[in-house]
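User: I would like to learn how to read a protein structure one feature at a time. Could you show me the model and then take me through it?

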Amino acid sequence: MAIPPDSEPRPPRIPGNVSLFPGAPESPVILHVPHSARHIPPSVRAGIVLDDPALELELDHITDAHTAELSAAAADRARLRPWRFVNALSRLVVDPERFPDEREQMRAVGMGAVYTRTTDRDVLRPDSFDPTGLLDRYFHPYARAMTELVADRLRATGRAIIVDVHSYPTKPLAYELFAAESRPPICLGTNDFHTPPELTALATALFAGFGGVAVDTPFAGTYVPLDHYRSEPRVTALMVEIRRDGYMTEPGGPAGPGLPRLATALAALIDAAG
């Protein structure tokens with residue numbers, strides 16, 4: 001029986017600020033890695049007021065270092081290779097996980113979709129900076145590509161499972177809204193519509209050996225494209241936040257022996273969820 005045209009998988013259109021690594025055609029799992037890169041195009045760098053040493057230090061603090069490497073290692077270990085959607089640019093260009101409007105609570109500290117403040121709440125861009133150009137050039141194409149990838153997985157497999165891979169520093173940074181909360185080795189971010197309790201329980205069990213797991217503490221929520229947000233129950237999502245002292249030298253240093261262990265646990269989550 002022929003597959004109706006609307007059911008046929010259609011690969012997403014990939015903008016230049018995204019690296020897409022295809023997985024198995026039958027895999028519903030997407031590893032989303034939004035904050036691993038440090039690259040800032042020269043035209044964007046020109047709008048940042050920090051000098052070069054200060055910018056490098058800011059990148060050390062704000063970048064989820066080695067999470068792209070971690071996701072690649074997990075994909076290699078998984079029985080069924082997941083899809084990997086990796087931001088190729090620093091989150092200091094745009095942060096693809098923020099709401100691009102007044103819904104974003106991080107706008108209160110100058111860290112909406114386009115940051116105007118640093119992790120120390122110093123000036124990153126002038127208050128007069130117009131974010132429209134960056135949103136049009138980078139944010140919206142990124143969002144469209146992720147939306148298309150999710151739709152492609154829905155057509156191909158009937159579901160999409162987004163695992164949002166992040167890391168966070170051992171000590172809180174000045175910009176954090178909930179810095180007083182505990183900082184467990186593993187934080188799982190959830191959404192009451194898109195994260196089934198059994199997925200949270202599964203991840204909690206698989207990461208239990210790393211010294212402790214908390215849910216939505218100190219960071220909450222997980223990424224779902226706005227076209228599917230709170231409207232498509234076949235899209236499930238979970239954020240995995242890894243405290244950086246478990247796998248790297250802070251801030252911005254090399255990966256350590258914890259990374260392969262984390263990759264094995266992440267691969268087990270991919271296998272069990274998919």
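Analyst: Let's start with Asn87, which counts as buried because its relative accessibility is 4%. Buried means under 20% relative accessible area, exposed means over 50%, and partly exposed is in between, using a 1.4 Å probe and protein chains only. This is a predicted model, in which local features need pLDDT of at least 70 and side-chain atom pairs count only at pLDDT 80 or more, while totals for chains, interfaces and linings use all residues. Residues are numbered from 1 along each chain as its sequence is written, and side-chain values use heavy atoms, with hydrogens and water left out.

User: Which residues is Asn87 in contact with, beyond its neighbours within four places in sequence?

Analyst: Contact means heavy atoms within 4.5 Å. With those neighbours set aside, Asn87 touches Asn17, Val33, Pro34, Ser36, Ala37, Val94, Pro96 and Tyr142. For a sense of distance, take Tyr175, which is 88 residues from Asn87 along the chain; their C-alpha atoms are separated by 22 Å.

User: Where does Asn87 lie?

Analyst: Asn87 is part of strand β3. Helices (H or I, at least four residues) and strands (E, at least two) are DSSP runs, numbered from the N terminus.

User: Which strands does β3 pair with?

Analyst: Two strands pair if DSSP finds at least two bridges between them. Strand β1 (residues 18–21) is joined to β3 by 4 bridges, and these two run antiparallel. Ser19 has Val86 of β3 as its bridge partner. Strand β2 is also joined to β3 by 4 bridges, but this pair runs parallel. Here Leu31 stands opposite Arg84 in β3.

User: How do I check that a helix has the length I expect?

Analyst: The expected span is 1.5 Å times one less than the number of residues. Helix α6 (residues 258–273) has 16 residues, so it should span 22 Å; its end C-alpha atoms are 23 Å apart, which agrees.

User: What covers the buried residues of α6?

Analyst: The buried residues include Leu259, Leu262, Leu266 and Ile270. Among the elements that cover the buried residues of α6 are β2 (29–33), α3 (67–77), β4 (160–168) and β7 (235–243).

User: Is Thr67 buried or exposed?

Analyst: Thr67 counts as buried because its relative accessibility is 0%. This residue lies in helix α3. Beyond its neighbours within four places in sequence, Thr67 is in contact with Val33, Ser36, Val165, His166, Ser167 and Tyr247.

User: How do I read a pocket?

Analyst: Rolling a probe the size of a water molecule over the atoms shows where empty space is left. On a 1 Å grid over the protein atoms alone, a cavity is a set of points where a 1.4 Å probe fits but cannot get out; a pocket is an open set with protein on both sides within 12 Å along at least five of seven lines, and lining residues have an atom within 4 Å of a point. Grid points are joined across faces, edges and corners, and a volume is the space filled by probe spheres set on the points. The largest pocket holds about 1000 Å³. It has 47 lining residues, and Glu97, Arg98, Glu104, Ala220 and Thr222 lie nearest its centre. Helix α4 gives the most to this lining, with 5 residues.

User: How many residues of that lining are nonpolar, polar and charged?

Analyst: Ala, Val, Leu, Ile, Met, Phe, Trp, Tyr, Cys and Pro count as nonpolar, Asp, Glu, Lys and Arg as charged, and the others, Gly among them, as polar. The lining of the largest pocket has 22 nonpolar, 11 polar and 14 charged residues. The second largest pocket, of about 270 Å³, has a lining of 7 nonpolar, 3 polar and 2 charged residues.

User: What should I look for in the backbone?

Analyst: Most residues other than glycine have a negative phi, and most peptide bonds are trans. Here a cis peptide bond joins Thr217 and Pro218, with omega about 0°. Another cis bond joins Glu250 and Pro251, with omega about -15°. His66 is not a glycine, yet its phi is positive, about 70°. His66 lies in the loop between α2 and α3, and its relative accessible area of 21% makes it partly exposed.
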